[in-house]
Amino acid sequence: MKHRCDSCGREWDYPIKHCIFCGNPVSKIDIIKYTVEGMTKVFVPSDDHPVTPYYVMLLKDLNGSYKFQKTFEHHNIGDMIYTKGGKEEEYTIGVIGTGVTGKGIVEVAARTGNKVVFKSRSEKSVKKAMGIILKNLSKGMEPDELKIVLGRITTTTRYESFTNADLILESVTEDLQTKKEIFNKLDSICSPDTILASNTSSLSISEITEDIKHPERVVGMHFFIPIPKMKLVEVIKGEKTSDDVLKKAREFATKFNKVSVNVKDTSGFIVNRLLFIMINEACHMLDEGIANVEDIDKAMKIGANHPMGPFELADLIGTDLCLEIIENLNASFDGNKFEPSDILIDFVKEGNSRRKTGRRFYEYQNNR
């Protein structure tokens, strides 16, 4: 049995009431962090694993102890994963929104053994989204494994399909009124035990929930794209979010094989507050003619050891979404440090906001 601090996440192998680092309560957990030391692909079926092929992982915990575990998901040597003692519990996860983040959350939730109810406003958009999810899952899965994972996903256009979900993740456009309407609807129809979470990247959880009857069960869970690859989830506590809901949200993040951090309910949270001031400042530098797109990106990749430059990252996120977030941040803070650059505003107005158009800060053909 492991013991983990509810606040800072540090772990012990022996009972302890309060964290010696931050003083907060420590709880028993049966979730353990492992490093993947070996990975073998198995093609021979067995009584307890008739579907093949699958993988057998050699896992090493923080104390140096080893164990074997079977999985359909391929991992690389050195990857960190989180497992539970005993049989994995299956949850029902609701996901609202068919954009990049919504599709990514569906993929991760289904891969980690959960039932998923995937909602869109129309059958057409959810069908299109499922086609992209199928394409992504097919890249690393055998047909039998793919069938099992896809079998966990159901689609809907009705909120009533979420009635008995354990967790519902909203991932729609960064518009406060739209999100408020969604959470008012969810709060009125869902089981009292259902946790409601927003994947907002810049809006206040407290403002989103100010008109609902049960704001204590609403929490922020901000994932990062590409969601199947990025490990971080920011867990945001609104003014009225209960400690129990906050704790369960972090447990869900662990269930999704993610690493979570606690964040106060402030605009932009941790990552985006730092990230978008860099992207916006890069655009201002372009406005001022200090350097061109390629050289600004090259300088940050080589000089700051960033995996991609601010303009490459803006293209990946979508310049329209970048502008939405920067405008939200600008409205939330005094001064002009988040005032959107002219070139970003003009770029979005001209329609250069989606990678599929082939035109953004860089030109793309066949998504490259």
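The exercises below work through a predicted model, each with a solution in steps.

Residues are numbered from 1 along each chain as its sequence is written, and side-chain values use heavy atoms, with hydrogens and water left out. Local features need pLDDT of at least 70 and side-chain atom pairs count only at pLDDT 80 or more, while totals for chains, interfaces and linings use all residues.

**Exercise 1. The chain as a whole**

State how many helices and strands the chain has, and what share of its residues is buried.

Solution. Step 1: helices (H or I, at least four residues) and strands (E, at least two) are taken as DSSP runs, numbered from the N terminus. On that basis the chain has eleven helices and 15 strands.
Step 1: buried means under 20% relative accessible area, exposed over 50%, and partly exposed in between (1.4 Å probe, protein chains only). Of the 368 residues in the chain, 45% are buried.
Step 2: a contact means heavy atoms within 4.5 Å. Among contacts with a separation of 6 or more, 60% are between residues 24 or more positions apart.

**Exercise 2. Cysteines**

Solution. Step 1: a disulfide is a covalent bond between the sulfur atoms of two cysteines. The rule applied here asks for a pair of cysteine sulfur atoms within 2.5 Å.
Step 1: Seen from C322, the nearest cysteine sulfur is that of C283, 7.7 Å away.
Step 2: C283 is buried at 1% relative accessibility, and C322 is buried at 0%.

**Exercise 3. Nonpolar cores**

Identify the residues with the most contacts inside the largest nonpolar core.

Solution. Step 1: a nonpolar core is a set of buried Ala, Val, Leu, Ile, Met, Phe, Trp, Tyr and Cys residues joined through side-chain atoms within 4.5 Å. In soluble globular proteins, nonpolar side chains tend to be buried together.
Step 1: the largest core has 35 residues, and those with the most contacts inside it are I93, F118, L167, L169, V219, M221 and F256.
Step 2: another core, of 24 residues, lies apart from it, and includes L275, I279, C283 and F311.
Step 3: take V219 as a case. Leaving out residues up to four places away in sequence, V219 touches I195, L196, A197, S198, I205, V235, I236, T241, V245, L246 and A249.

**Exercise 4. Aromatic pairs**

Classify the pairs Y91 with F252 and F223 with F256.

Solution. Step 1: rings of Phe, Tyr and Trp (its six-membered ring) pair if their centres lie within 6.5 Å; planes under 30 degrees apart count as stacked, over 60 as edge-to-face and the rest as tilted. The count by this rule is six aromatic pairs.
Step 1: the ring centres of Y91 and F252 are 5.0 Å apart and the planes are at 70°, so this pair is edge-to-face. Y91 is in the loop between β7 (80-84) and β8 (92-96) and F252 is in helix α6 (residues 243-255), so the pair ties together parts 161 residues apart in sequence. F252 is buried, at 6% relative accessibility.
Step 2: F223 and F256 are 6.3 Å apart centre to centre with 40° between the planes, a tilted pair. F223 is in strand β13 (residues 218-223) and F256 in the loop between α6 and β15 (259-264), so parts 33 residues apart in sequence are tied together. Both F223 and F256 are buried.
Step 3: Y91, F223, F252 and F256 form one aromatic cluster.

**Exercise 5. The surroundings of S202**

Determine whether S202 is buried or exposed, and name the partner of its side chain in a polar contact.

Solution. Step 1: S202 is in the loop between β12 (195-198) and α5 (205-208). With a relative accessible area of 2%, S202 is buried.
Step 1: a polar contact is a pair of N or O atoms within 3.5 Å; within protein, one must be able to donate a hydrogen and the other to accept it, and residues adjacent in sequence count only if both atoms are side-chain atoms. The side chain of S202 makes such a contact with the side chain of N328, at 3.2 Å.
Step 2: setting aside neighbours within four places in sequence, S202 is in contact with E174, S267, G268, F269, I325 and N328.
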